[in-house]
Amino acid sequence: MAEAKTARITVKDKEIDLPVLTPTVGPECVDIRKLYGQGGVFTFDPGFTSTAACESAITYIDGDVGELWYRGYPIEQLAEKSHYLEVCYLLLNGELPNAEQLEKFETLITRHTMVHEQMHYFFRGFRRDSHPMATMVGVVGAMSAFYHDSTDINDPVQREIASHRLIAKLPTIAAMAYKYSIGQPFVYPRNELDYASNFLHMCFSVPAEKYEVNPALARAMDRIFTLHADHEQNASTSTVRLAGSSGANPFACIAAGIACLWGPAHGGANQAALEMLQQIGSVDRIPEYIKRAKDKDDPFRLMGFGHRVYKNFDPRAKIMKESADEVLDILGIHNNPTLQVAKELEKIALEDDYFVSKKLYPNVDFYSGIILSAMGFPTSMFTPIFALSRTVGWISQWKEMLGDPDNKIGRPRQLYVGSDKRDYVDVAKR
Ligand code: SDX
């Protein structure tokens with residue numbers, strides 16, 4: 001029996017031995033749960049750069065070599081050989097489905113794609129020019145006002161039903177948010193269409209004429225869903241876990257995840273990246289923006305570049321870049337100026353010492369906007385598409401957390417640097 005590994009820390013002349021936990025693969029973890037009790041000190045790690053917040057078996061990332069696995073399967077293989085609903089089954093259940101399980105799961109999800117008819121009225125309360133992410137946060141949170149039979153988080157059956165409802169209905173809600181923002185009628189899901197084709201149909205068809213989904217674009221859309229499905233303990237997933245740790249219902253937790261994803265440092269970067277590329281406009285203006293990105297006094301950053309974990313290429317960005325060429329070719333769009341700027345910007349940045357020394361590479365958001373824009377989506381729909389794709393990851397992590405008998409409410413502490421204790425002073429004496 002291998003001797004248990006420990007890490008020794010000396011605090012106030014007291015030596016404390018802490019267990020070291022061994023992963024399947026990746027960094028070992030020093031278990032500090034007893035540190036405060038034994039040593040009377042906290043650890044300090046704002047932004048969690050060196051902190052594992054949980055134990056998980058869902059997704060593995062190696063940022064140094066640029067690897068991403070869902071349940072052990074490399075993203076490159078899943079993007080090429082699998083499809084989104086099969087990936088959803090894998091993330092939720094831990095194993096790839098056999099033919100019968102897959103067919104049953106796809107039928108189940110397909111039959112949950114409609115939303116309660118009353119939910120249509122929620123949209124009417126928003127201004128037409130509301131950002132679709134604002135609408136999605138509101139409407140997804142409101143699902144807890146409709147689906148009372150799947151909000152008991154202690155019932156595994158209800159957890160399962162809520163998971164299926166969320167995976168099935170998020171594309172419908174995202175498409176409704178888009179249609180509402182452009183003043184077009186909502187389009188109901190079509191059960192004869194596959195998941196990605198259904199989403200494109202709900203977004204781009206109109207009652208006035210027949211709309212045929214381009215299968216090649218549907219395949220590209222499906223691949224984008226797969227690439228965004230999960231990503232370990234990123235900010236929005238950590239938000240969902242923290243909200244879920246209090247016992248909040250699944251719809252409220254996913255609404256919290258959508259809110260967090262919206263930020264430009266996170267999922268909002270796909271919108272910001274395309275807007276940046278369009279602002280640059282032409283290859284000759286790239287040096288000006290590279291200079292700004294390197295200027296400590298300039299808040300400008302290259303959107304779609306850099307990552308907390310990846311210090312090498314984000315494997316999703318590589319696949320997305322290949323897909324961008326493919327989609328633009330399918331659509332007959334050649335010499336797309338934005339794609340040309342993106343490729344030249346990537347080339348220049350990766351030869352520039354600032355980016356090389358800080359290990360800043362394109363991330364998942366750098367090329368995705370070029371594909372989505374070419375498909376006909378406005379930039380405001382980029383993050384909603386990220387959100388609907390990530391819902392399966394969020395809910396899988398939420399289920400994993402609730403399935404852990406040792407799970408408890410998340411409640412970090414702090415380094416207090418405020419005023420020492422003092423007495424109240426009457427306003428007349430201040
Ligand atoms: C996603 O976590 C996930 O897994 C997220 C995600 C997922 O699938 O869930 O992968 C999705 O959110 C991808 C990231 C999308 N965001 C962007 O593209 C926005 C631009 N990138 C940055 O804001 C930044 O790179 C972050 C937020 C992504 C990561 O920031 P970190 O890890 O906190 O790193 P940092 O801000 O401390 O940067 C380290 C250094 C700094 O310079 P110094 O202070 O050391 O001198 O690199 C610089 C930064 O100034 N830097 C950049 C830069 N990103 C970092 N400089 C210019 N342009 C950039 N994009």
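Author: Phenylalanine 123 has its place in helix α5, where helices are DSSP runs (H or I) of at least four residues and strands are DSSP runs (E) of at least two, both numbered from the N terminus. The model is a predicted one, in which local features need pLDDT of at least 70 and side-chain atom pairs count only at pLDDT 80 or more, while totals for chains, interfaces and linings use all residues. Residues are numbered from 1 along each chain as its sequence is written, and side-chain values use heavy atoms, with hydrogens and water left out.

Phenylalanine 123 is buried, at a relative accessible area of 0%; buried means under 20%, exposed over 50%, and partly exposed in between, with a 1.4 Å probe and protein chains only. When neighbours within four places in sequence are left aside, the contacts of phenylalanine 123 are Thr135, Val139, Ile173, Met176, Ala177, Tyr180 and Phe186, contact being heavy atoms within 4.5 Å. One of these, isoleucine 173, is 50 residues away along the chain, and its C-alpha atom is 9.7 Å from that of phenylalanine 123.

Now the aromatic pairs. A search of the whole structure gives 20 of them. Rings of Phe, Tyr and Trp (its six-membered ring) pair if their centres lie within 6.5 Å; planes under 30 degrees apart count as stacked, over 60 as edge-to-face and the rest as tilted. Phenylalanine 122 and phenylalanine 146 form an edge-to-face pair, with 5.8 Å from centre to centre and 70 degrees between the planes. Phenylalanine 122 belongs to helix α5 (residues 120-124) and phenylalanine 146 to the loop between α6 (132-142) and α7 (156-181), so this pair ties together parts 24 residues apart in sequence. Phenylalanine 122 is partly exposed, with a relative accessible area of 34%.

A second pair is made by phenylalanine 204 and phenylalanine 377: the ring centres are 4.8 Å apart and the planes stand at 50 degrees, so the pair is tilted. Phenylalanine 204 lies in helix α8 (residues 195-204), and phenylalanine 377 in the loop between α17 (365-375) and α18 (382-402), so parts 173 residues apart in sequence are tied together. Phenylalanine 377 is buried, its relative accessible area being 3%. Phe204 and Phe377 also belong to one aromatic cluster with Tyr84, Tyr178, Tyr195, Phe199 and Phe225.
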